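Me: I would like to learn how to read helix packing, pockets and cavities. Could you take me through an example?

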Amino acid sequence: MKRHPMVTSLRLFDVAPLAKGVAADVSHVDSAARVDGFVGDTQLGAALHGADVVLIPAGVPRKPGMTRDDLFNVNAGIVRDLTAAVATHAPAAILLVISNPVNSTVPIAAEVLKTRGVYDPKKLMGVTHLDVMRARTFVADAVGGEEDGERRRASGAFYTLVPIRPRSRERPSYDVPVVGGHAGVTILPLLSQTKPFPRGGFSEKEIASLTDRIQNGGTEVVEAKAGAGSATLSMAAAAAEFADLALRGLAGERGAWGCAYVDGGGGSEIKARGLEFFASKVRLGRRGVEQIAGLGRMTPGERVGLEKACEELRGSIAKGKAFVAAGGGDGGGAKK
């Protein structure tokens, strides 16, 4: 973000003194953006004042055996407090929530903003972009490209034709919409809508394998780190990429499309199911979310996945709203 051409002021906040050191470190990156560090509740207002975009990644990391929902008791309070501060000091800012469980923390943020009278559904988004990045990566790994050999179906099996010419170093690029939410079965990759669609498509076995890996990509990282943390570097990359979309939208670019967990996501089909929040493709603009795409044509298998996702999301959304309704939305200090 320090090198982003649209960023003039980058402000880092934490309850720990380390924030100032991190700010000093990042400030050495060669770009014109000013970097400042802020520590503790007394400096939170100054960190937020006049901000156009606010990202909330704060919270405790997931450990082996934990689900994102296990983080709720700690992270719910953190998101509540920071959102309350945003409502006071930067009510017009676009708010990007990264803190897990996103399926519940975004409804918490919405309820807090409502209690403060500053809720704008177009400016609140849960960042699910890491699911999209994983889908792109895993599909590219599974499919490859013409430079890596052309996949063919033969009697229900695959074989590879290795080209005589040297392999290209360019990695094939695919766009895969990922809808629903940001945890387990709520993560629904619409592989049938992959662009460009792979020659020969996907086998049922590939669909099952790719869907499972995309849904459990976070667990893969947690287990690989053996208790030392969760996905941080890939999440940072995804957050920066989505923040770029938000900034491009604010600048008036009309092609800033991405997937995010938003109020009204999924269009009329999801609204009819009684779900307030859902991750879907959105177009970002000067006012935040300016267009929400429908789900498009889905396969029968994806429809089954949609049913599972909606059932799980219903409980997660209710849990976030109940937290605020029970007095969790008072908004104290920015504890960590």
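This is a predicted model: local features need pLDDT of at least 70, side-chain atom pairs count only at pLDDT 80 or more; totals for chains, interfaces and linings use all residues.

Me: How do the residues of the lining of the second largest pocket divide into nonpolar, polar and charged?

Reply: To read a lining, sort its residues by class. Here nine are nonpolar, six are polar and three are charged. The lining has 18 residues in total, and those nearest the centre of the second largest pocket are Ile207, Thr211, Thr299, Gly301 and Glu302. Its volume is about 420 Å³.

Me: Which helices and strands each supply at least two residues of that lining?

Reply: Three elements do: strand β9 (187–189), helix α6 (204–215) and helix α10 (300–328).

Me: Now for cavities. How many of 30 Å³ or more does the structure hold?

Reply: A cavity is a space where the probe fits but cannot get out, whereas a pocket is open. This structure holds one cavity of 30 Å³ or more. The largest cavity has a volume of about 70 Å³.

Me: Which residues line the largest cavity?

Reply: They are Val86, Ala90, Pro91, Ala93, Leu95, Leu113, Val118, Tyr119, Asp120, Lys123 and Leu124. Sorted by class, that gives nine nonpolar residues, two charged ones and no polar ones.

Me: On to helix pairs. At what angle do α2 and α3 pack?

Reply: For a pair of helices, look at the angle between the axes and how far apart the axes are. Helix α2 (residues 41–48) packs against helix α3 (residues 72–89) at about 50°, and their axes are 9 Å apart. An angle of 65 to 115 degrees would count as roughly perpendicular and one under 35 as roughly parallel, so α2 is oblique to α3. The crossing of α2 past α3 is right-handed.

Me: Which residues make the contact?

Reply: From α2 come Leu44, Gly45 and Leu48, while α3 brings Leu82, Ala85, Val86 and His89. By class, five of these contact residues are nonpolar, two are polar and none is charged.

Me: And how do the axes of α5 and α8 cross?

Reply: Helix α5 (residues 129–143) and helix α8 (residues 233–250) cross at roughly 110°, and their axes come within 8 Å. These two helices are therefore roughly perpendicular to each other. On the α5 side, the contact is made by His129, Leu130, Met133, Arg134 and Arg136. On the α8 side, Ser234, Met235, Ala237, Ala238, Glu241 and Phe242 take part.

Me: How do the residues of that contact divide by class?

Reply: The contact of α5 with α8 has six nonpolar, two polar and three charged residues.

Key:
Residues are numbered from 1 along each chain as its sequence is written. Side-chain values use heavy atoms; hydrogens and water are left out. Axes are lines fitted to C-alpha atoms, for helices over the stretch in contact, and angles run from 0 to 180 degrees between N-to-C directions. Helices (H or I, at least four residues) and strands (E, at least two) are DSSP runs, numbered from the N terminus. Angles under 35 degrees count as roughly parallel, over 145 as roughly antiparallel, 65 to 115 as roughly perpendicular and the rest as oblique. A crossing is left-handed if the near helix is turned anticlockwise from the far one by less than a right angle, and right-handed if clockwise. Contact means heavy atoms within 4.5 Å. On a 1 Å grid over the protein atoms alone, a cavity is a set of points where a 1.4 Å probe fits but cannot get out, and a pocket is an open set with protein on both sides within 12 Å along at least five of seven lines; lining residues have an atom within 4 Å of a point. Grid points are joined across faces, edges and corners, and a volume is the space filled by probe spheres set on the points.
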